[in-house]
Amino acid sequence: MQHANARERVVLVGDQRQLPPICLSEEARDRGLGTSLFERFHAAGVPSAMLAVQYRMAPLIRGFSSDFFYGGALRDGVPARARLPP
């Protein structure tokens with residue numbers, strides 16, 4: 001298999017499970033703008049991959065997000081004991 005070069009591939013990073021679009025216009029919602037691009041891709045069966053290791057969130061916040069949105073699959077890349085206190 002030959003690898004695609006930059007002109008043949010696009011990588012989008014986002015999440016259809018969090019932060020839905022804020023759409024105040026009823027007309028815009030009626031035209032589909034209340035659905036995010038990532039929700040549309042997911043519904044259309046576009047392949048995706050979950051990045052399951054995070055490095056930025058505090059473990060307590062990551063724990064909530066992991067449990068609530070991802071069935072416990074999100075993990076810390078930096079253990080709590082290695083983080084500087086706030």
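I looked up Val11 and found it exposed, at 66% relative accessibility. I use exposed for over 50% relative accessible area, buried for under 20% and partly exposed for in between, with a 1.4 Å probe and protein chains only. Val11 sits in the segment before α1 (26–30). I took helices as DSSP runs of H or I of at least four residues, numbered from the N terminus. From Val11 to Asp67, 56 residues along the chain, I get a C-alpha separation of 26 Å.

Notes on the model: it is predicted, local features need pLDDT of at least 70, side-chain atom pairs count only at pLDDT 80 or more, and totals for chains, interfaces and linings use all residues. Residues are numbered from 1 along each chain as its sequence is written, and side-chain values use heavy atoms, with hydrogens and water left out.

Next I checked Arg62, which lies in helix α3 (residues 59–70). Arg62 is buried, with a relative accessible area of 15%. Leaving out residues up to four places away in sequence, I list its contacts (heavy atoms within 4.5 Å) as Gln54, Met57, Leu74, Arg75 and Asp76.

Then the rings. I paired Phe, Tyr and Trp (its six-membered ring) when centres lie within 6.5 Å, calling planes under 30 degrees apart stacked, over 60 edge-to-face and the rest tilted. I count 5 aromatic pairs. Phe64 and Phe69 are edge-to-face, at 6.4 Å centre to centre and 85° between the planes. Phe69 is partly exposed at 23% relative accessibility. Phe69 and Tyr70 have ring centres 6.0 Å apart and planes at 50°, so I logged that pair as tilted. Tyr70 is buried at 13%. Ring pairs join Phe64, Phe68, Phe69 and Tyr70 in a cluster.

Note on methods
Helix = DSSP H or I, 4+ residues; strand = E, 2+ residues; numbered from the N terminus.
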